[in-house]
Amino acid sequence: MTATPAIATLNTGSSSLKFRVFARDGLERLMAGKVTGIGTDCRLEARVIETGATISLPLSGADQEAALAAVIACIDDHDDGWRIDAFAHRIVHGGASFTGPVIVTPETLAELDALCPLAPLHQPYNLAGIAASRRLAPRAIDVACFDTAFHAGHSELVHSFALPAAMRKAGVRRYGFHGISYEWIARVLAEQRPDLAQGRVVAAHLGNGASLCALQHGRSIDTTMGMSALDGLPMGSRSGALDAGAVTYMMRRFGFDADALDRMLYEESGLKGLSGLTNDVATLVASEDPQAAFALDYFTYHVAQYVGAMAVAMGGIDALVFTGGIGENAPGLRIAIRDRLGFLGSVESLVIPANEERMMAIHACALLEARTEAAA
Ligand SMILES: Nc1ncnc2c1ncn2[C@@H]1O[C@H](COP(=O)(O)OP(=O)(O)O)[C@@H](O)[C@H]1O
Ligand SMILES: CC(=O)OP(=O)(O)O
Ligand SMILES: [Mg+2]
């Protein structure tokens, strides 16, 4: 039996690890799976498409490392005569150097490792995924697809902080994230709604991490996240934008060092900090605790407020596209956000499922083909 040329994808989010195996020819799905609830109620679910076999595995107490090990074992155990030619990895931070997908080299790895402090909930685990795929499929190439790349064309007006020149020259600036997801949304709109693809769209990627993107003519014009994945909207356990003066105040008043502040701002704040309960929105929606309702109110208020900011970037808004775990599955929150934006008049609202995996597979395929052509 000849092996099926395949591409595998790994998408490590802050609370999830989504993976796929695609046939290189036509990008048919061969296997699809995800680990959800990392840090809360963790489990792995997967399906081998051809046989219909399903895998459902509780991963009680698993952290991102344990989730990755379970995913790699799952792909290995169910390998049905695949020849994985490329592993495509979601890498959250590409800094200023990486403005498109690349084949990973030892030099790239060192550069990406240096960006870990700017995305502590993601980057170390994204890079651990590369080490794991090397062990599983040593002859495959590793393709890095960056969350930041889709926003690389932002104007200086959009990507600058109002800081002295020395800081701006040192690379202290906004980058933006969730770009693979927004690139997919732009692609779906171009195929299915060319009218909107040419219009002024605010895309809302609402998952455990959350951001908005002003999308016009298939390009990112502005976004709510900044230099790190901490900026903008309040998130599952991240604070979102904060008064920088409040941060220096807390350092002095409570004696926080940078690591302690990182832990509080990334892991104990956001909806978890506001509710005192959890970062998990499905749990908050089901809860009768008034603090859960307050946290969700806070979330929808800030999402709506930032939609206004994104509309300014485009001189208006024609449509609002929801995606991500919350955007796709929490209709009550979508309604609350739309209600807060009622004053804008007629704005079409759509749900487009996130598909960072397919977008990454498309990039990996293109890089594999370019490599074959270059070798010919
Ligand atoms: N049916 C649902 N109702 C409300 N929230 C949901 C539902 N399903 C998933 N979510 C929420 O989506 C969030 C996870 O989104 P996801 O995009 O998968 O995360 P990540 O940012 O880790 O990729 C969690 O807060 C989860 O509770
Ligand atoms: C950048 C980011 O916040 O990603 P996620 O939503 O997957 O945690
Ligand atoms: Mg995600």
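Tutor: UniProt positions follow the numbering used here, feature names are shortened, and annotations may be inferred rather than shown by experiment. This is a predicted model: local features need pLDDT of at least 70, side-chain atom pairs count only at pLDDT 80 or more, and totals for chains, interfaces and linings use all residues. Residues are numbered from 1 along each chain as its sequence is written, with chains lettered from A and ligands numbered from 1 in the order in which they are written.

Student: Where does UniProt place the feature "binding site"?

Tutor: The record is an unreviewed entry. The positions span 346 residues in sequence, yet no two of their C-alpha atoms are more than 7.5 Å apart, so they gather at one spot. UniProt names Asn11 and Glu356.

Student: Is Asn11 buried or exposed?

Tutor: Buried means 20 or more other C-beta atoms within 10 Å, exposed 12 or fewer, partly exposed in between, with C-beta atoms placed from the backbone. Asn11 has 24 such neighbours inside 10 Å, so Asn11 is buried.

Student: Which residues does Glu356 touch, not counting residues up to four places away in sequence?

Tutor: Contact means C-beta atoms, placed from the backbone, within 7 Å. Under that rule Glu356 touches Asn11, Arg90, Ile180, Ser181 and Trp184.

Student: At what angle do helix α6 and α15 pack?

Tutor: Helices are DSSP runs (H or I, at least four residues), numbered from the N terminus. Axes are lines fitted to C-alpha atoms over the stretch in contact, and angles run from 0 to 180 degrees between N-to-C directions. The axes of α6 and α15 lie 8 Å apart, at an angle of about 85°.

Notes:
Two residues are in contact if their C-beta atoms, placed from the backbone, lie within 7 Å. Helices (H or I, at least four residues) and strands (E, at least two) are DSSP runs, numbered from the N terminus.
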